[in-house]
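Biologist: I would like to learn how to read a model of this kind, one feature at a time. Please take me through it.

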Amino acid sequence: MHDFQFYIPPGKIRNNFVTINGEEYLHCCRVLRKNSGDIIKVFDGYGFHYDVRILNIYKNYAEGKIVKSYPKEKSVSPELILGIGTVKNSALDTIVSQVSSLGVAHFYPLLTKHSVKRGFKKERFEKIAIESIKQCGSAYLPEIHDQINFDNWLDVTRNIKSKLIAEKDSSVSLLRVIDEVKNIDEIAVMVGPEGGFSSDEIKTAKASGFIPVNIFKRRLRTELAVVVMLANIYSLASIKEG
């Protein structure tokens, strides 16, 4: 049976007492009808799980007490900083949900030449990330960033040593690149929107240290390319470390 867990940000956890409000309160106390005395599972988005006994339920919030704290969950390795050329909302919904479950640390929507969507409602996708983490059972939330342009993305990733860009043509295999990577702890990854990155963007990314990698022999939609690339990175990195 699936155990529901609820997201409680660290600011709502003080001296072993928690405050449950907003949508988590509605889900817990109105939809699932949890009562005083019930024990619920909670995570803080930074790697910690708790068992919490509900003490009091009020009109718009509830109070609880931590009855068990679990050791900090080990984060997914390597830490991935992901930049995605923004696509339409339905595809972004899928991408944010999937990469959150996969353990991406940072998510940057990129405004590129072929971006389908201008603008990005961060709060909408933070909610999607929370729901994904609640479902998969992790305790880590990715940091969802505001949309940035291509040059700002290159600034954000300037000091990251290992950097990859998904590019079907004129690229090398992901297996070969991961095998040669010296610092496997942190990797910046960028995947283009529908239509991919422009030739100028690829050229600029390469000049900034991004290595073009071929993740599959066929051209994939952005939401599928992201999952394939991340899953392969995690798998290959794990084999290399092992």
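Modeller: Start with Pro78, which sits in the loop between β6 (61-69) and β7 (79-85). This is a predicted model, and in it the peptide bond from Ser77 to Pro78 is cis, with omega near 0°.

Biologist: Where does Arg33 lie, and is Arg33 buried or exposed?

Modeller: Arg33 is in the loop between α1 (22-31) and β4 (39-43). Its relative accessible area is 63%, so Arg33 is exposed. Arg33 is also a residue other than glycine with a positive phi, here near 55°.

Biologist: Next, helices. How many residues does α2 have, and what does α2 reach from its first C-alpha to its last?

Modeller: Helix α2 covers residues 89-102, which is 14 residues. From first C-alpha to last, α2 reaches 20 Å, close to the 20 Å expected at 1.5 Å a residue. After α2 comes Gly103, which has a positive phi near 100°.

Biologist: Which residues of α2 are buried?

Modeller: The general idea comes from the helix repeat. An α-helix has 3.6 residues a turn, so residues three or four places apart point the same way. In α2 the buried residues are Ala91, Leu92, Ile95, Val96, Val99 and Ser100. Viewed down the axis of α2, these buried residues fall within an arc of 155°, so they line one face of the helix.

Biologist: Take one of them, Ala91. What is its relative accessible area?

Modeller: The relative accessible area of Ala91 is 2%, so Ala91 counts as buried. Ala91 is placed in helix α2. As for distances, Ala91 and Gly137 are 46 residues apart along the chain, and their C-alpha atoms are separated by 23 Å.

Biologist: At what angle do α2 and α3 pack?

Modeller: For a pair of helices, read the angle, the axis separation and the handedness. Helix α3 spans residues 122-136, and α2 packs against α3 at an angle of about 40°, with the axes 8 Å apart. That angle makes α2 oblique to α3. The crossing of α2 and α3 is right-handed.

Biologist: Which residues make that contact?

Modeller: On α2 they are Asn89, Leu92, Asp93, Val96, Ser97, Ser100 and Ser101. On α3 they are Arg124, Phe125, Ile128, Ala129, Ser132, Ile133 and Cys136. Leu92, Val96 and Ser100 of this contact are also among the buried residues of α2.

Biologist: Where is Lys217, and how far apart in space are Lys217 and Gly64?

Modeller: Lys217 lies in the loop between β14 (211-214) and α7 (222-241). Lys217 is exposed, at a relative accessible area of 64%. From C-alpha to C-alpha, Lys217 and Gly64 are 52 Å apart, and in sequence they are 153 residues apart.

Biologist: Finally, the whole protein. How many helices and strands are there?

Modeller: There are seven helices and 14 strands. The C-alpha trace spans about 60 × 40 × 30 Å along its principal axes. Of the 242 residues in the protein, 43% are buried. Among contacts with a separation of 6 or more, 74% come from residues 24 or more positions apart.

Terms used. Residues numbered from 1 in each chain as written. Predicted model: local features only at pLDDT ≥ 70, side-chain atom pairs only at ≥ 80, totals over all residues. Heavy atoms only, no water. Helix = DSSP H or I, 4+ residues; strand = E, 2+ residues; numbered from the N terminus. Expected span 1.5 Å × (residues − 1). Buried < 20%, exposed > 50% of the residue type's maximum accessible area, 1.4 Å probe, protein only. Arc of directions from axis to C-beta. Axes fitted to C-alpha atoms, helices over the stretch in contact; angles between N-to-C directions. Parallel < 35°, antiparallel > 145°, perpendicular 65-115°, else oblique. Left-handed = near helix turned anticlockwise from the far one by under 90°. Contact = heavy atoms within 4.5 Å.
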